[in-house]
Amino acid sequence: MSNKEVKAALKSAREAIQNKDYKEALKHCKAVLKQEKTNYNAWVFIGLSAAELEQPDQAKGAYKKAIEYEPNQLLAWQGLANLYEKSNQTDCRGDLAEVYQKLLELYKSSDKQKWCDVCNKLAELYHQEKKYLEVAELWQKLIEMKQEEGAEKAELHQLWKKKIQFLKDSTQDQDNKTEQLLLSAFEHALNTADAVPGEDHQRLYKDFIQCLTKFPHEATKLEKACKDMMALYPAVSYPLEVLCFHFLQSGTLSEETLDYFSRLLDMDASSGLGIISCGVKCLQEKKYSEAIKNLTEGLQKTSQCPAAWHYLAEAYMRIHRHRDALQSCDKALQTLGTAEGPSLRWKNLILQLKAEALIKTADADAAEEAIKALEQIVDANSDPVVLAVRGQAYLKKGLMDEASKISQELLLSHPDLAESHALEGFIHYSQKNYEQAEKSFLNAIERKPESAVYHEQLGLTYWFMSDETRRDKGKALTQFLKAAKLDSNLGSAFRYMGNYYRDVAEDKSRARGCYKKAFELDGADEESGTAAVDLSMELDDMDTALSVLNEVTAKASTGTAKWAWLRRGLYYLRIDQPSKAVTDLQAALRADPKDANCWECLGEAYLSRGSYMTALKSFRKATELNPELTFSFYQAAAIEQMLEKYESAIAAYQQILKKTEDYVPALKG
């Protein structure tokens, strides 16, 4: 075949392709290739025809042959690109990316518009493949080319926004370089916006700030962006909310921070974050009840704030409501989820606070839970305060050897730390080594004189050390007074002062005041409540006694507050109101059905009311539970006598006299 015939055959092939007669085109091309195996156009036409005849493998092979012979010609690369674009096979994407890269190289000097089109396609492909760095770098080249061509500001603005769109959904998967390219794109987009201030610019600023919140190490940029947006859009609350949330989460509570909190509350009095910030401010000012009120209200509106839950737990701990603190710690941990970066710091703080709260509760499994919580703290062994808390948890669980080991290690490694000496003191105290405990607590107080707990514990050490130290005003009482002065919410310190005034000073009035204060601080402190009521009765101050009892019973759920129901029932019995006495004594028995004395009192109430059969049953129940209750035996016998059951009554009296020969009421009966 001559040169002329080759050209004619290629022309016929082109015409056949135009007429969509692809099989005819293939015949002409194959004829050409018999003569010229390296004919570029023949291979390209075969690729195009095979593709149209849905023979992708043959088409791909033909295009690659053409490229092999003429690697810098466009047609085969374009054909290969079209072939891969039509293919649904994901494994073609890598090949397509290589084709686009070659086309960019070929178009760069010849056709800028087509270069831009291919650049768009390649960027989309990289985005689908989550190759964000490649997307960012490619789009940067496109923007640079447009800048060289002198593109309008509006066009560049759209390109920067497109770059943001490519990258912003992938903040979790980015490396540092891609992240910086994204943030740079935001900054350029903001700088190229036409209408400033304007809706589009405001929306873009909001997206920029939202993006910055996902990069914890970009705190400085976040603060600047929020402040800049606040200056441009003073009526918009979003940047102020983000800034306050950031300061809250970072634990930064400076005067400037508190000022931003106040501004947010002024802007929106119902803002959950604003109310939370008000609570944090109250916590700093030691207004714990107000802090709890504001933090609780704020968290009802903005619950996904681990720092706020931590501050609420801290406020509860300050007023010694340990169970409430535990609930807040658990909420904080739920909100945190998988903690990384700055969140890890919060997780460690919350776990430590949770362990401290657990150690303060009386639950059987609390010590074990505390140990588990402390085990979750990252690098716990490098923090001596956390180690001291762990020592206390071991001590509460009864693991004396483990607690002692931690104590010895801390005293060697951190001899100037108050917690090291306090742990040693707690161990000595639990072993009743009061003289050694005294030395340890004095050492702890020397290093941390503001600790109410250390003073209280030293006071208890003196209380149990000897009768002399218990009676010495300068010992136990002085330490309890110091503890109460340092922490006016420490109910136990007031209870111990009440013990001193009642048992040592024999000052019932002052003791009653201390117990009443202790009970007001801690409504679960039955010992203080009981003592306050009993002393009020002894002082003939029934109004005070009843006010305490009425308050407790009004709040009590079924099966609780036995001490209050019992005392009020006995009071009603004394003033001849047996029906009320019956109701209260029944409530007391729901809390403790095996209290023989309470059954005896209930029998008395029924008897006073004239309910003889129920009285009889109550006295018999009392004697079943405690056969030593001679009075209940006697009352049961007396009721049977009254009911004319003489034989039973005589048998009952004789049974009493077997135990107590000279029991006069039984002899008389």
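Which residues touch the most other members of the largest nonpolar core? Of its 183 residues, these are Ile209, Leu248 and Tyr311. Such a core is a set of buried Ala, Val, Leu, Ile, Met, Phe, Trp, Tyr and Cys residues joined through side-chain atoms within 4.5 Å, and buried means under 20% relative accessible area with a 1.4 Å probe, protein chains only.

A word on the source: this is a predicted model, in which local features need pLDDT of at least 70 and side-chain atom pairs count only at pLDDT 80 or more, while totals for chains, interfaces and linings use all residues. Residues are numbered from 1 along each chain as its sequence is written, and side-chain values use heavy atoms, without hydrogens and water.

| Residue | In contact with |
|---|---|
| Tyr311 | Leu248, Gly251, Leu253, Val280, Leu283, Leu295 and Trp346 |
| Arg390 | Leu374, Glu375, Ala380, Asn381 and Ile406 |

Arg390 sits in helix H21 (residues 384-397).

Now to helix H29, residues 508-521. Its buried residues are Ala511, Arg512, Cys514, Tyr515, Ala518 and Phe519. Seen down the axis of H29, they fall within an arc of 165° (taken from the directions from the helix axis to the C-beta atoms), so they line one face of the helix. These buried residues pack against helices H28, H30, H31 and H32.

Conventions: Helix = DSSP H or I, 4+ residues; strand = E, 2+ residues; numbered from the N terminus. Expected span 1.5 Å × (residues − 1). Buried < 20%, exposed > 50% of the residue type's maximum accessible area, 1.4 Å probe, protein only. Contact = heavy atoms within 4.5 Å. Lists of a residue's contacts leave out its neighbours within four places in sequence.
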